Amino acid sequence: MHQLLTLGSQLPTAAGPCTIERFLGGGGQGEVYQVSVASQPPSALKWYFPQQATADQRQALQTLIRKGPPGPGFLWPLELIEAPQTPGFGYLMPLREPRFHGIVDLMKRRIEPDFRALTLAGLHLSQAFLALHAKGLCYRDISFGNVFLDPDSGAIAICDNDNVTIDGSDPGGILGTPRFIAPEVVRGEARPGTQTDLFSLAVLLFYLFHIHHPLEGRQEAEIKCFDLPAMTRLYGTDPCFIFDPADDRNRPVPGLHDNAIAHWGIYPEFLREHFTRGFTSGLRDPQARIRESEWRLALARLLDGIHYCGQCGAENFHDPAAGSAGTCWSCGQPLRLPWRLRLADALGGAPSRYPVLLNHDTRLYAHHLDPDRRYDFVTPLAEVNRHPSDPNRWGLKNLGPDKWVITGADGQLRDVEPGRSAGLVSGLRIDFGPLRGVLEG
Amino acid sequence: MSGDCDPLTSDREAAIDAGATARTATAGAHWHMLYASVRGAAHRRNGLPNQDAVRISRTGPGLVLALADGHGSATSFRSQQGARLAVAVALQVAARWPELPTASHHKRRAEDDWPKELVRGWQAVVDARLGRRPFTAAELHPLEPSARQRLERNPRLAWGSTLLSVILTPSSILYLQLGDGDLLVVDDNGQVNRPLPADPRLLGNETTSLCAPEAWREARVYCQTLVAAPPALILAATDGYANAFRDDAGFRQVASDLWVMLRDEGQATVQAQLAGWLNETSAQGSGDDISVGILWREAT
């Protein structure tokens, strides 16, 4: 089905000729092929359709290649490719690994990541867009067509980065994907930029957690033809959040919007509040939108609040605003919270409202034990473990390079050296250095 | 959508299986179109009707092909009507397709909205028909209790059908598949490709269906941006056609052979014989209803 390059042909690259091995897919801008260069692992090559291979696009690509990727997760342009006998141009980028699946697959339930992986994916997305925006760039076209996730680990891959531009620099170009465009862009009052990216990010996160669009309720159900006037009304001139507490015109319709109805109540109040703010005041005022760092913090807290139902094993989210542990969303049985670690600034700050729930598989990372450290889910600094000879006793094992100091109920101080564990006992205080924690259970 | 929007009249229903030929210009080429639908050999033996439907029409942005296969099981006792409704709704949706500036716009509309409009449109007319003509005791009597329970949970199951649709726009060709069936594309060199990869969920007699509550999630869409030469031939067929062949290669060869015949002997010759070939294929193969819709263009 490809039309631009011939399989088996070669194009020049800085590392030697690359061979066009396989057609991977086509879009509105061009076609993507798997290519190999000498003995290197295969890469991906995007080649533009003639009408898309413009001087502006070429210059934008050169800028992006020069700037380099903002962080991990971006399948960023690596090298501009041109050839005398082949019209147009293209660029090399890393090949998307097979473990990554489109968010479309999630929407169609072809993949079913657990809540931990979903939350991690949302956190990585927020982190990635924070890094992109910090470089003065904006994506302009966030949608589930260009974000991929590993349903096992929650890792993400962001594609189609050739649409990224310097914020405020773009007088024309791509406007984004209709359902993800900020209302002011739909209305033609603004161009895509960092602020409109924040709206698109919020839509994408809502999709991830609800498998549904935040503005598609009764008003959408009444549309017979999704033509331009209907889309403009729904997403631009009269957008209304389906769970707007002050406006019930656009509530989800049972039978049509069941995903939204089923998921909304599963999440804790603080996450619902973020979505509510993002899609009420944030609809009208770009400055009121939830920032990437706010999403990151909220999703880190959401991750820390995951625990398992003792009856059916389903993942549940602890809601600190609720008076009790509540009931399992899956089986309806009362929940019992596991051990909780409540962290506080070591210099006497108030304990956090958001405890880390200590499940059998919980791991603590750098950002848990030191608020100044980066979010990193690769190297754990602590993990819950079971006593080797007494399966009823649980501990928190020090996996980091620094010792901890614990204070027992008797006031005795003890060191927990790297590789050793502190037994989980209610009231135990653990001094991690910058932060200290108290065990509750 | 209310019952007033029901896209079928008795006249149209009768016309759907008659087959047609026409010629039109879109997607940068002059396209010929032909289609045929035959009652399966096993259906004749068992006194069952043809539960397929197919239609090609000039509409909206250019051309639309729609083809549907009613499930035909005991529970789907109105699926002949379900397939015809699916085709009629697909033509209606294509007729409303807006003019869009680029292939990217068509792609996004196709991926985001097309499946939803088709499924909602079909489900709305099915619901309206159920309201006008509830199930009768004669229809429910032959069913096992478990089948009746399934119908109570989802009455649309009685009309259950697949749907394949292709829309040709000036800048792109849009393919959609919901349920089993085949879409094949032949290029100018006679190479046969599938625009949509095989769906692992369609095993044996299992199929995704328009009657599922959120069926639009099951639809698969591919958008082919037109750059150089468009395909030489596009063929859509209900699964009765491919199932009549021993292997996929044999079935794919049919698409290539049809293109050669159309090119060398002309539209009229092939159209005159198409239904006969399909009857023969059903009798010697699957015994199922077979429907095909073909769009082809002469070499430029």
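In chain B, B:Glu214 and B:Arg217 are joined by a salt bridge, with their closest N and O atoms 2.7 Å apart. A salt bridge here is a side-chain nitrogen of Lys or Arg within 4 Å of a carboxyl oxygen of Asp or Glu. The model is predicted: local features need pLDDT of at least 70, side-chain atom pairs count only at pLDDT 80 or more, and totals for chains, interfaces and linings use all residues. Residues are numbered from 1 along each chain as its sequence is written, chains are lettered from A in the order in which they are written, and side-chain values use heavy atoms, with hydrogens and water left out.

Accessibility was computed with a 1.4 Å probe on protein chains only; buried means under 20% relative accessible area, exposed over 50%, and partly exposed in between. B:Glu214 counts as buried because its relative accessibility is 13%. B:Arg217 is buried too, at 9%.

B:Glu214 also reaches across to chain A. There, A:Arg109 forms a salt bridge with B:Glu214, the closest N and O atoms being 3.7 Å apart. Six salt bridges link chain A and chain B. Nine residue pairs between the chains are in polar contact, both residues at pLDDT 80 or more. A polar contact is a pair of N or O atoms within 3.5 Å; within protein, one must be able to donate a hydrogen and the other to accept it, and residues adjacent in sequence count only if both atoms are side-chain atoms.

The contact (heavy atoms within 4.5 Å) takes 34 residues from chain A and 29 residues from chain B. The two chains bury about 2700 Å² between them, 46% of it on carbon and sulfur atoms. Buried area is the accessible area (1.4 Å probe) lost when two parts are put together, summed over both. A:Met1, A:Gln3 and A:Lys224 supply 27% of the area that chain A buries against chain B, more than any other three residues.

Over all chains, the structure holds 34 salt bridges. One of them pairs the side chains of A:Arg340 and A:Glu440 (3.8 Å, N to O). This pair links distant parts of the chain, 100 residues apart: A:Arg340 lies in strand 14 (residues 339-345) and A:Glu440 in strand 23 (residues 435-440) of chain A. Strands (E, at least two residues) and helices (H or I, at least four) are DSSP runs, numbered from the N terminus. A:Arg340 is buried, at 16% relative accessibility. A:Glu440 is partly exposed, at 22%.
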